[in-house]
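My entries follow in the order I made them.

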Amino acid sequence: MSLFNVYPLFDITPVKAEDVFVYDENNTKYLDLYGGHAVISIGHSHPKYVTAISDQVAKLGFYSNSIQNPLQVQLADKLEQLSGCKNYELFLCNSGAEANENALKLASFHNGKKKVVAFKNGFHGRTSAAVAATDNTKIIAPINAQQEVEILELGDLEGVEKALAKNDVCAVIIECIQGVGGLDESTAAFYEALDELCKKYNTCFIADEVQSGFGRTGDFFAFQKYNVTPDIISIAKGMGNGFPIGGILIHPNIKASFGLLGTTFGGNHLACVASLTVLEVIEEEHLMQNAKDISAYFIEKAKGISSIKNIKGRGLMLGLEFDFPIAELRKKLIFEHKIFTGSAKNPNLLRILPPLTIKKEHVDLLFEALKKELKKITT
């Protein structure tokens, strides 16, 4: 049986990894500045993580959500402690798309409305309502397109109020730093007014923190830079350091009832231990502070390269924008310099999403490689 061919693949086969490095079948060493789409938060094969998962699977890897699972309670408590999101409640699932799908469904249950407002260049997943709220018509099938979604320009408060005033919008979903879209952000004034409009019109404010959460921006969540109180916060990528887990944090103004949401695999024992360990390592190794420190160093280095037209993002969710498409540059970084980076919807943007354990010496390797390649382009 062949694989369903939906991924364009680089001819690299990783077989092991440690911290910020990945090794292929020939033992070639690559610097990972992409973290598998911002998934690797505490470094590949972190010893505490490996031990915790190994110990748990030797005892109990899985049972359904029909029984008590104290690990879910421990995870919720640790998440509240580190994130500062007091009194929210946690529902666990398996991925970012599923987190956003549950967030949108819960919003609709809560206020009885059915339309969604999202923003240009946003990405929220590939499931039914989540993909309809994603600004990419190529991945929206006709069955998804029947969802009622209005996509507005980022920053368009007038458009938001006009949409919400019709009283049929269940949720506004937004990434406070866009991921796949290209690391665009709006202003504090926009996010704070958006929050106020949602409260005024009984619309749920959903903060999509799937990529930006779990300390990646230097704050636990990207929205925490602003004075906003989301009704629902979606989380996933960095949450399990590679083990599939997602979830939503739910404000206490939204009430639970039996059967409202459900999942077979969500919140299983292995997933909970994976995420608990991630939180413990983030705290013990001060990785949110490291994200801020390395970010400042990275930005200072980037400012010294005239070919870089714009530096985007916060913490270790960063982008380098050039005045030319970066596809070939990215290939040169991978195959000649052995450095993984990422792309975005913006064809001129190189995305940098490394493990939060990255050090200055690793940043130096990137900029040495960039200078060599950019020199070839300009001469």
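**Entry 1: strand S9 and its sheet**

I began with strand S8 (residues 204–208), which pairs with S9 in the parallel sense over three bridges. The model is predicted, so I kept its confidence limits in mind: local features need pLDDT of at least 70. I then looked up one bridge in this pair. Ala207 has Ile233 in S9 as its bridge partner.

Next I checked the other neighbour of S9. Strand S10 (residues 246–250) runs antiparallel to S9, and four bridges join them. Here I found Ile232 opposite Ile250 in S10.

Where do the side chains of strand S9 (residues 232–235) point? Ile232 and Ser234 point one way, while Ile233 and Ile235 point the other way. I noted that all of these residues are buried.

I stepped back to the whole sheet. It is open and has seven strands, in the order S4-S10-S9-S8-S7-S5-S6. The pairing is mixed. Which strands stand at the edges? They are S4 (89–93) and S6 (149–152). Each has a single partner strand, so one side of each is left without a neighbour in the sheet. I also looked up the twist, which averages 20 degrees from one strand to the next.

**Entry 2: cysteines**

How many disulfides does the structure hold? I found zero. I wanted the reason for Cys170. Its closest cysteine sulfur is in Cys204, 7.1 Å away, which is too far for a bond. The cut-off for a disulfide is 2.5 Å between the sulfur atoms.

I then turned to Cys176. Cys176 is in no disulfide, and the nearest cysteine sulfur, that of Cys198, is 11 Å away.

Are Cys170 and Cys176 buried or exposed? Cys170 is buried, at a relative accessible area of 2%. Cys176 is also buried, at 1% relative accessibility.

**Entry 3: the cavity**

I asked for cavities of 30 Å³ or more, and the count came to one. The largest cavity holds about 30 Å³ of space. I listed its lining: Ala38, Ser41, Gln211, Gly213, Phe214, Arg216, Gly238 and Leu356. By class, this lining has three nonpolar residues, four polar and one charged.

**Entry 4: the second largest pocket**

I found 26 residues in its lining. Gln72, Leu90, Phe91, Ala256 and Leu261 lie nearest the centre.

Which elements give two or more residues to this lining? They are helix H3 (70–83) and S4. The largest share, four residues, comes from S4.

Note on methods. Residues numbered from 1 in each chain as written. Predicted model: local features only at pLDDT ≥ 70, side-chain atom pairs only at ≥ 80, totals over all residues. Heavy atoms only, no water. 1 Å grid on protein atoms, 1.4 Å probe; cavity = no way out; pocket = protein on both sides within 12 Å on 5 of 7 lines; lining within 4 Å. Points joined across faces, edges and corners; volume = space filled by probe spheres on them. Nonpolar A, V, L, I, M, F, W, Y, C, P; charged D, E, K, R; others polar. Buried < 20%, exposed > 50% of the residue type's maximum accessible area, 1.4 Å probe, protein only. Pairing = 2+ DSSP bridges. Axes fitted to C-alpha atoms, helices over the stretch in contact; angles between N-to-C directions.
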